[in-house]
Amino acid sequence: MASPDKSKAWTALEAHHRKVAGLTMGALFADDPERFGRFSLSLGDMLLDYSKNRVTAETMDLLIALARAADVEGWRARMFEGQAINTTENRAALHVALRNRSDAPMEVGGDDVMPAVQGVLAQMRAFTDSVRGGNWKGHTGRPITHVVNVGIGGSDLGPAMVTEALTPYHQDGLEVRFVSNVDATDLAETLKDLDPATTLFIVASKTFTTLETLTNARSARHWLTDALGEDAVGRHFVALSTNAEAVRAFGIEPDNMFAFWDWVGGRASLWSAIGLPIAVAIGMDRFEDLLAGAHVMDRHFAEAPLEANMPVVLALLGLWYIDFFGARAHAVLPYDQYLRRLPAFLQQLDMESNGKGVRRDGTPVERGTGPVVFGEPGTNGQHAFYQLLHQGPRMVPADFIAAAETHNPMGRHHPILVANFLAQTEALMKGRTAADALAELTARGMAPDAARELAPHKAFPGNRPTNSIFVRRFDPPTLGMLIALYEHKVFVQGVLWGINSFDQWGVELGKELAGTILDELEDGTQGSGHDTSTAGLIDHYRRLSKEAP
């Protein structure tokens, strides 16, 4: 496999970077009054403004040439065709089928998967209608008031993020909560004010063997049976899994098991039965609206030319900064409190997908791949880490996300929020010179010597790149579009780097070692294979745990 950074397209970008690295966005805007129009894209009410990036028309042409050289179009087609693009696990990655709202078949291994997808959606509708309508009764005959999803990773982050993001669409009197951490505190705090008689658990684990999830599920089972008895399990637990035998052994009837397939990766599983808690919270009609919004983005990604393709443009811009400017992090900054968990969701989507050190053929990568993704909702983040974004020595590209309408109109709150959203991207682009800072301080009457001393601290380098994603409001279809936009962006970047974005072998070694150490902690033995640090920590834990009351 040819290394992407050895291609002619890459070499051309290196030469171009040397030519434009010193350009400022301020100068680019001054030279082109039409820059916003040239460097923005729309899909329905969603606007992507990427004009505040350190790119010219030539930059974008060269980046598009790189995408073609990496065969982004071919890999895109193979994904939609259900080919086994997850090469290390020999699996398709056909999550787009889960939100296919057309009548077109979608195949894996020559079989149309859409009848199975529609069957699970129908099962989800019957279940959610029953719970939301009060017809699903607990063991004592009372309707369900609280649903607790027990999962981890993709079985938690996606559903939890979407459920919170769509809070305005929740049904009164029915609350959905999430437990993921094996730390008992997570489960204890979630359950402490709940009534077992009106609580229903959704256990989300494809194999029904995930240690953290099954540990939490068994403890939840004990909590329930201590109050209601063993016979209550079947009315208070359902499973999202493919392991019918293990589900039945737990006490869950197979009719209350919701299936999904090996071509559904964890990071893109919220569109499948893993999205059941979302559907409970907002209803099945709105869950299908979420799917429909993602399908709109899927069609855009599949059909739009590369230069007008939102996921492709975002992917190329990210690569431009990582591999040519040395950026190591990327900030995601939603100016919407309901989207406060979006950065955490995108951390997993991006860092678990593209945090890779080898290419598809097993050879080492020679340039940067996935960045560190972080973020907080505005305006909280402004009072936390924006200092680094504005004046830190390293460039941190950022995505700013906002809606024109709020679900909670109250006084001047939303105009203030949007004003901050707009001002921050402008400030990051423009910056402030030391001379301007000195002039401002002098105009305020500060003594000349003091002004000269303070001015460097009030200077901002500017020229910090941002993307702005602006929508009308965050409803189910729009949120579906946004999530799919980032899914496809991450996929495209994986293609550009020649890596497999759909496996996650990097998490396996820690799991294996944890299993060995757990046995040692519980039976009091200690293997000889540990380094002295780990062995010392094991001894320290044992001593402290023995001293605990």
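Contact here means heavy atoms within 4.5 Å, and the model shown in these close-ups is a predicted one.

**View A. Met124 and what it touches.** Leaving aside residues up to four places away in sequence, Met124 is in contact with Phe258, Ser272, Ala273, Gly275, Leu276, Ala279, Met284 and Phe287. Met124 also belongs to the largest nonpolar core, a set of 120 residues, where Met124, Trp263, Leu482 and Leu496 touch the most other members.

**View B. Helix α6 against helix α13.** Residues 114-132 make up α6 and residues 284-303 make up α13; the two helices pack at an angle of about 145 degrees, with axes 10 Å apart. From α6, the contact uses Leu121, Met124, Arg125 and Thr128, while α13 brings Met284, Asp285, Phe287, Glu288 and Leu291. Sorted by type, the residues in this contact come out as 5 nonpolar, 1 polar and 3 charged.

**View C. An open, mixed sheet of 6 strands.** Follow the strands across and you get β1-β2-β13-β12-β10-β11. β1 (40-43) and β11 (372-374) sit at the edges with a single partner strand each, so one side of each has no neighbour in the sheet. On average, neighbouring strands are turned by 15 degrees against each other, ignoring direction.

**View D. Zooming in on β10 and β11.** Strand β10 (residues 329-334) pairs with β11 in the parallel sense, over 3 bridges. Look for Ala329 here: Val372 in β11 is the bridge partner of Ala329.

How values were computed: Residues numbered from 1 in each chain as written. Predicted model: local features only at pLDDT ≥ 70, side-chain atom pairs only at ≥ 80, totals over all residues. Heavy atoms only, no water. Pairing = 2+ DSSP bridges. Helix = DSSP H or I, 4+ residues; strand = E, 2+ residues; numbered from the N terminus. Axes fitted to C-alpha atoms, helices over the stretch in contact; angles between N-to-C directions. Core = buried A, V, L, I, M, F, W, Y, C linked by side-chain atoms within 4.5 Å. Buried < 20%, exposed > 50% of the residue type's maximum accessible area, 1.4 Å probe, protein only. Nonpolar A, V, L, I, M, F, W, Y, C, P; charged D, E, K, R; others polar.
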